[in-house]
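The following note sets out points on the metal site and the nonpolar packing. Please read it alongside the model.

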Amino acid sequence: MYKIPSLLLTFILYTLFTFSVHSQTILKSEFSASVNKYLQEIADPVKGIGAREAGSAKEKETIIYVGKNFKEMGLNVSVQPFSLTKGELTSANVIADLNSNKAKTLVLAAHLDSTGAEHGSHGATDNATGLAALLTVAEELAHKENLPYNIRFIAFGAEEVGLLGAKYYVKNLLEESGTAENILAMINLDTIAGGDFLYVHSAHTTPYKCGDIKAKYNSDTHVRDALFSLSSSLINKAQQYIIHPAYEGYPEGVTGGWSDHAPFACAGVPIAYIESTNFTINGKDGYDGYSQSDNAALWDCFDKTTHSACERKEENQWGHIWHTKSDQLAIMDQLFSQRLTQQLTASVEVLIAFLSNYKLDEIENNQMNNQ
Ligand SMILES: [Zn+2]
């Protein structure tokens with residue numbers, strides 16, 4: 001047996017190691033510049049837009065901003081306006097197609113609105129993070145021409161006031177086409193950075209409250225599972241997707257109907273939902289993923305041994321970021337340094353791999369077998 005001299009072995013290992021680290025760094029820095037630029041332009045109230053409440057002038061500014069960016073990428077852009085239930089206010093969805101001539105479509109979506117500025121939130125994690133990833137993925141895939149399907153990027157309006165944009169989109173689609181069966185899958189990006197860990201969920205096995213969306217509910221897990229396995233093979237441990245354990249009312253890996261994926265599952269579309277939070281914390285209502293972080297600055301008092309508030313009755317903050325005054329880029333930066341960038345570039349990498357290599361035939365057969 002040939003024994004490699006140890007010096008040579010060291011050299012080979014060194015070369016391999018530096019090569020892999022180097023190539024990963026190039027890839028990451030390419031996306032990190034993009035995600036940071038979008039984050040700032042969306043969530044920074046001085047250099048960008050800031051809070052973008054549904055129906056407000058700031059939400060309209062965001063609609064124009066997203067549309068302009070999609071257009072500059074050469075995508076086929078349309079704006080779908082709709083009214084809010086409250087008074088005369090309006091909102092809109094921004095829809096951008098990569099290959100609109102294809103029969104089948106994959107949807108990647110993020111909501112563009114945020115809660116109101118009066119909560120002190122700038123909508124940095126919720127949901128400038130999802131929107132920044134959506135724009136970065138679109139920018140990267142805008143040059144892909146030979147895919148056998150269309151990729152539809154959607155920025156939904158008015159999510160925070162009852163998923164109004166997503167519901168409007170799905171109802172409209174069903175009215176026009178009678179079915180959503182041409183949508184292969186929908187991936188929802190909502191609050192995908194800022195929390196301690198990254199999770200990927202599928203639709204709850206018990207159907208959501210679907211209202212007037214009448215179709216065969218879909219809780220298929222294949223999109224979630226594909227994203228999970230891509231993440232496990234492509235991404236560093238710290239930013240890999242996790243499937244959450246079961247907790248009361250929620251079997252392992254499933255999510256509630258509180259974001260834009262819900263109307264799609266109701267319409268029979270297989271969905272996945274990416275979310276950053278922390279299911280290891282015993283939060284206000286138990287282990288339900290509502291406490292996004294165990295960072296002490298986000299608690300009145302956090303007890304590391306019980307992974308909960310020191311005094312449950314006294315606690316006011318509960319590690320919440322979304323919809324609070326902590327949801328600002330400057331605060332996220334101060335608490336977590338590079339976390340938003342690292343989590344976003346990891347998701348961008350996984351999404352690009354998924355969307356550009358979607359196995360059309362395999363998935364369609366899988367769906368047929370499930371019918
Ligand atoms: Zn959100």
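**Note on the zinc site and the cores**

1. Along the chain, the zinc donors are spaced as H-x14-D-x63-D. H111 lies in strand β3 (residues 105–111) and D190 in the loop between β5 (183–189) and β6 (197–203), so the pair ties together parts that are 79 residues apart in sequence. Strands are DSSP runs (E, at least two residues), as are helices (H or I, at least four), numbered from the N terminus.

2. This is a predicted model, in which local features need pLDDT of at least 70 and side-chain atom pairs count only at pLDDT 80 or more, while totals for chains, interfaces and linings use all residues. Residues are numbered from 1 along each chain as its sequence is written, and side-chain values use heavy atoms, with hydrogens and water left out.

3. The zinc ion is coordinated by H111 (NE2), D126 (OD), D190 (OD) and D190 (OD), at 2.0 to 2.8 Å. Donors are N, O and S atoms within 2.8 Å of the metal (3.2 Å for Na, K and Ca); water is not among the atoms, so sites may look incomplete.

4. H111 is buried, at 0% relative accessible area, and D190 is buried at 5%. Buried means under 20%, exposed over 50%, and partly exposed in between (1.4 Å probe, protein chains only).

5. The largest nonpolar core has 73 residues, of which F70, F153, L189 and L227 touch the most other members. Helix α3 (residues 124–141) gives the most to this core, with 10 residues. Such a core is a set of buried Ala, Val, Leu, Ile, Met, Phe, Trp, Tyr and Cys residues joined through side-chain atoms within 4.5 Å.
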